[in-house]
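Please keep the viewer open as you read.

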Amino acid sequence: ATPTSIMVGTGRAAELGVLFRQGEALQSLKETGIVALDKTGTLTQGRPELTDFMTAPGFSEAEALRLIASVESRSEHPIAQAIAAAAGRRGFPLPAAEGFEAVPGFGVSALVEGRKVDVGADRFMTTLGLDVSTFGDAAARLGQEGKSPLYAAIDGRLAAVIAVADPIKASTPEAIAALHALGLKVAMITGDNRRTAEAIARQIGIDQVAAEVLPDGKVEAVKRLREAHGRIAFVGDGINDAPALAEADIGIAIGTGTDIAIESADVVLMSGDVRGVVNAIALSKATIRNIR
Ligand code: ADP
Ligand code: MG
């Protein structure tokens, strides 16, 4: 492309809320074979709500929720905020949590009123030597509904199964359909549960799912998708997404996301809307056509 057509292209992109931090990205984006997107905060709103809370025999719901929310009130994770907010709505005063510890991609732990409280994914419970299958198929059912199941242990005993649901952004299904119309494959990369991820992928028309990816596994997932499908654009918003944004052939950050994601990206979408990815790729194709 000529310098002029690139200037026109990036100017037109800016009008559509698509900021090219690298001029080259406008030219190379049209070569993309697959677009991979982070789930939480990119395809979904990133503001989950607590939907289910079931306790094991011997634990009252009020007591368990109070202890769990106390630990989660110390975490910045969107899941934690959903749990803390649910306890807040029920007017529970939260006791202080001591010795708070977060294990990224797994969960959180602390001492509350002298009791050890652990909250997190099934793999977190496994690392604690707890067998979540005692809850039967609860997690499978929740996952099939597109909800994210979590577990809590109190004093080393499984105490609760919790689910949160994160609404899909209204613009997401349309954006995925438009990427398909451009002839692209669309993948999702997430730390969330496999069943949940697959249920959401089905709802919005995603072709490929990499689920239960640990925070430093997103780079590997990008590499694997590139080997299978060619040049890859990765779209994300979180701190966890920064290395994958740098690894992808084109990194696209959601402008409402974290600073580190934005700094790692070649392209920034000024709105929180995935349709910006479609605009960016369509513009890349149009810019190249103009100069032929
Ligand atoms: P994602 O952003 O895709 O949810 P994370 O790596 O942040 O990925 O988390 C992966 C999983 O670890 C979550 O889906 C959840 O099961 C568990 N987890 C992480 N942090 C917390 C927390 N504060 N409370 C409960 N579970 C957590
Ligand atoms: Mg995210």
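The notes below go from the overall fold to the domains and then to the ligand.

## Ground rules

This is a predicted model, in which local features need pLDDT of at least 70 and side-chain atom pairs count only at pLDDT 80 or more, while totals for chains, interfaces and linings use all residues. Residues are numbered from 1 along each chain as its sequence is written, and chains are lettered from A and ligands numbered from 1 in the order in which they are written.

## Overall fold

The protein has 13 helices and 13 strands (DSSP runs numbered from the N terminus: H or I of at least four residues, and E of at least two). The C-alpha trace spans about 75 × 30 × 30 Å along its principal axes. Of the 292 residues, 49% are buried, that is, 20 or more other C-beta atoms, placed from the backbone, lie within 10 Å of their own.

## Two domains

An automatic or database assignment sets the bounds: domain 1 covers 3-45 + 168-290, and domain 2 covers 49-165. Their C-alpha centres lie 32 Å apart. Eleven residues from each domain take part in the contact (C-beta atoms, placed from the backbone, within 7 Å). On the domain 1 side, helix α9 (residues 194-204) gives the largest share, five residues.

## Around the ligand

Which residues are closest to ligand 1? They are Ser75, His77, Gly105, Ala121 and Gly191, out of 22 that surround it (C-beta atom, placed from the backbone, within 6 Å). Elements giving two or more residues to this shell include α5 (78-89) and β7 (148-154). Both domains contribute to the shell, so ligand 1 lies between them.

Key: Contact = placed C-beta atoms within 7 Å. Buried ≥ 20, exposed ≤ 12 C-beta atoms within 10 Å, placed from the backbone.
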